[in-house]
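Please open the model in your viewer and keep the sequence panel beside it. The tour below moves from one selection to the next and says what is found at each stop.

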Amino acid sequence: MGELGARLAGVLRAGDLVVLTGPLGAGKTTLTRGLGAALGARGQVSSPTFVLARTHPTTSGPDLVHVDAYRLSDPVELDDLDLDWDGSIVVVEWGRGFVDGISEEVLDVEIVRATGADATDGSVDEGDPDDVPDEPRRVVVTGAGPRWADIVL
C-alpha cells in the first residue's frame with residue numbers, strides 16, 4: 001500500500017482530492033504514509049482519527065492534508081475544518097459521502113481486504129487479520145471529472 005501511495009504521488013498536484021475507502025486495517029493510512037514519503041512530507045504521517053486532520057508541509061510542492069472522517073457524523077463537519085482544498089493535496093480516509101459537492105474531480109481509492117479466510121486453501125483463519133501485514137488487497141482506483149480523464153493510473 002505504501003508503494004501505491006508513492007506511485008500516486010507522481011500524478012497528484014495542488015487541488016487534488018483523494019478519497020480512501022476500506023475496512024479497518026486495509027491500508028488507508030499506509031497508502032497515505034507512502035504518498036507523504038514520496039512528496040517529502042514533514043512530520044510523521046499517521047492516522048488523524050482523534051485530531052481529524054493534519055497538514056504536512058512538503059519539501060517541494062503543495063502541502064499534504066490528511067483527514068480521517070471516521071468520527072464525523074455530517075459532511076458539514078468536514079467543511080468546518082477549514083481545509084485548503086485548492087492549495088493542497090487532500091486525502092480523506094472514510095470520505096465517501098462526506099466529500100460530495102466539494103469537488104467534481106475526485107480520485108476514489110477503494111481497498112478490498114479479504115478477512116477470515118486463508119488465501120491458499122480457503123480455510124477459515126480465526127486469528128487477527130491485522131497480524132498478516134502482507135495480506136493481498138484488491139485496489140480499485142476511479143477518477144471522476146475532467147482532471148482524471150486522460151491520466152492512466
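Which residue does Thr 21 stand opposite in strand 5? Select Thr 21 together with strand 5 in this predicted model, and you will find that the residue standing opposite Thr 21 is Glu 110.

Stay with strand 1, residues 17-21, which is mostly covered, five of its five residues being buried. Show its side chains: Leu 17, Val 19 and Thr 21 point one way, whereas Val 18 and Leu 20 point the other way, and all are buried. In a regular strand, side chains alternate between the two faces of the sheet. Strand 1 is joined to strand 5 by four bridges, and these two strands run parallel. Four bridges also join strand 1 to strand 4, again with a parallel run, and here the partner of Leu 20 in strand 4 is Glu 93.

Now move to strand 3 (residues 63-68) and strand 4 (residues 88-93), which run parallel and are joined by six bridges. Within this pairing, Val 67 has Val 92 of strand 4 as its bridge partner.

Then go to strand 2 and select His 56, which has its place there. With a relative accessibility of 3%, His 56 counts as buried. Its side chain reaches the backbone oxygen of Arg 42 at 3.0 Å. If you display the surroundings of His 56, leaving aside its neighbours within four places in sequence, the contacts are Ala 41, Arg 42, Gly 43, Gln 44, Val 45, Asp 63, Leu 64 and His 66.

For the next stop, turn to the aromatic rings, where the count comes to one aromatic pair. Select Tyr 70 and Trp 94: their ring centres lie 4.9 Å apart and their planes meet at 55 degrees, so the pair is tilted. Tyr 70 belongs to the loop between strand 3 and helix 3, and Trp 94 to the loop between strand 4 and strand 5, so the pair ties together parts that are 24 residues apart in sequence. Tyr 70, at 49% relative accessibility, counts as partly exposed, and Trp 94, at 25%, also counts as partly exposed.

Finally, select Arg 147 and Trp 148. Arg 147 lies over the face of Trp 148, at a distance of 4.3 Å from the ring centre.

Conventions:
Residues numbered from 1 in each chain as written. Predicted model: local features only at pLDDT ≥ 70, side-chain atom pairs only at ≥ 80, totals over all residues. Heavy atoms only, no water. Pairing = 2+ DSSP bridges. Buried < 20%, exposed > 50% of the residue type's maximum accessible area, 1.4 Å probe, protein only. Polar contact = N/O pair within 3.5 Å; in protein donor to acceptor, adjacent residues only side chain to side chain. Contact = heavy atoms within 4.5 Å. Phe/Tyr/Trp six-rings, centres within 6.5 Å; stacked < 30°, edge-to-face > 60°. Lys NZ or Arg CZ within 6 Å of the ring centre and 35° of its normal.
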